[in-house]
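Please read it alongside the sequence and the coordinates.

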Amino acid sequence: ETGVTQTPRHLVMGMTNKKSLKCEQHLGHNAMYWYKQSAKKPLELMFVYNFKEQTENNSVPSRFSPECPNSSHLFLHLHTLQPEDSALYLCASSQGTGGAGGYNEQFFGPGTRLTVL
Amino acid sequence: AQSVTQLGSHVSVSEGALVLLRCNYSSSVPPYLFWYVQYPNQGLQLLLKYTLAATLVKGINGFEAEFKKSETSFHLTKPSAHMSDAAEYFCAVRKNSGGSNYKLTFGKGTLLTVNP
């Protein structure tokens, strides 16, 4: 595997279900990100982790719970979601979150298409 | 704070015609600027980036963009469209240094359709 991978690619869940999205990066990066992409809206940054520590939570509802066990893996645990949470969830990684130049260039995975019924 | 405006949510061109996708930015400090492409059912792929060096930036797949400070623009062009260019294109901006300079601010995207 190369780059950033995400599983599953598609997920359909009911509002009472609990599911998890997985992201893995094979780039040796230290920072990982979750984004939400809804139709007709700009990408929204949800969470940022740097060296396994959460450094940003962009006012995301608690029904979304991230987990970063190591610098290569990032999870998004989902529970009691709403239909408006249906979207494409993108994971990204970068070398880090500080410094100038290309140090922070983000590489994106293919996304998980989530549908909440 | 930074912001990006992409003019035109949908652009349609004929195969072989010029592609022009518009992006205007607002930033209180010299920005880094990016164009990403998203093919159906895929994530974002970096096309090109401006990082305070040459104002004319060449990217992959024959695309290029020119940073114009006086117009606060970073329009994406390609001389001759190919059917495989059909995708959604996103312009993004971020600070070049300082706190939280990893944050990308994206435009709403422009869907490019290429007609045979």
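In this predicted model, 19 residues of chain B are in contact with 24 residues of chain A, contact being taken as heavy atoms within 4.5 Å. The area buried between the two chains is about 1,700 Å², of which carbon and sulfur atoms give 50%; buried area is the accessible area (1.4 Å probe) that two parts lose on being put together, summed over both. On the side of chain B, the residues that lose the most area to chain A are B:Leu44, B:Tyr102 and B:Phe106, which together account for 33% of what that side buries.

Across this interface the rule finds 2 salt bridges, each defined as a side-chain nitrogen of Lys or Arg within 4 Å of a carboxyl oxygen of Asp or Glu. A:Glu56 forms a salt bridge with B:Lys103, with the closest N and O atoms 2.7 Å apart. The strands β4 (31-38), β5 (44-50) and β9 (87-95) of chain B each give two or more residues to the side that touches chain A, where strands are DSSP runs (E, at least two residues) numbered from the N terminus.

Two pockets are described next. A pocket is an open set of points on a 1 Å grid over the protein atoms alone, where a 1.4 Å probe fits and protein lies on both sides within 12 Å along at least five of seven lines, and lining residues have an atom within 4 Å of a point. Grid points are joined across faces, edges and corners, and a volume is the space filled by probe spheres set on the points.

| Pocket | Volume |
|---|---|
| Largest pocket | about 530 Å³ |
| Second largest pocket | about 210 Å³ |

The largest pocket is lined by 24 residues, of which A:Gln37, A:Ala39, B:Gln38, B:Glu88 and B:Phe90 are the closest to its centre. To this lining β9(B) gives the most, with 3 residues.

For the second largest pocket there are 15 lining residues, and those closest to its centre are A:Leu45, A:Asn58, B:Lys103, B:Leu104 and B:Thr105. The elements giving two or more residues to this lining are β5 (44-50) of chain A and β10 (105-106) of chain B.

Residues are numbered from 1 along each chain as its sequence is written, and chains are lettered from A and ligands numbered from 1 in the order in which they are written. Local features need pLDDT of at least 70 and side-chain atom pairs count only at pLDDT 80 or more, whereas totals for chains, interfaces and linings use all residues, and side-chain values use heavy atoms, with hydrogens and water left out.

Methods:
Helices (H or I, at least four residues) and strands (E, at least two) are DSSP runs, numbered from the N terminus.
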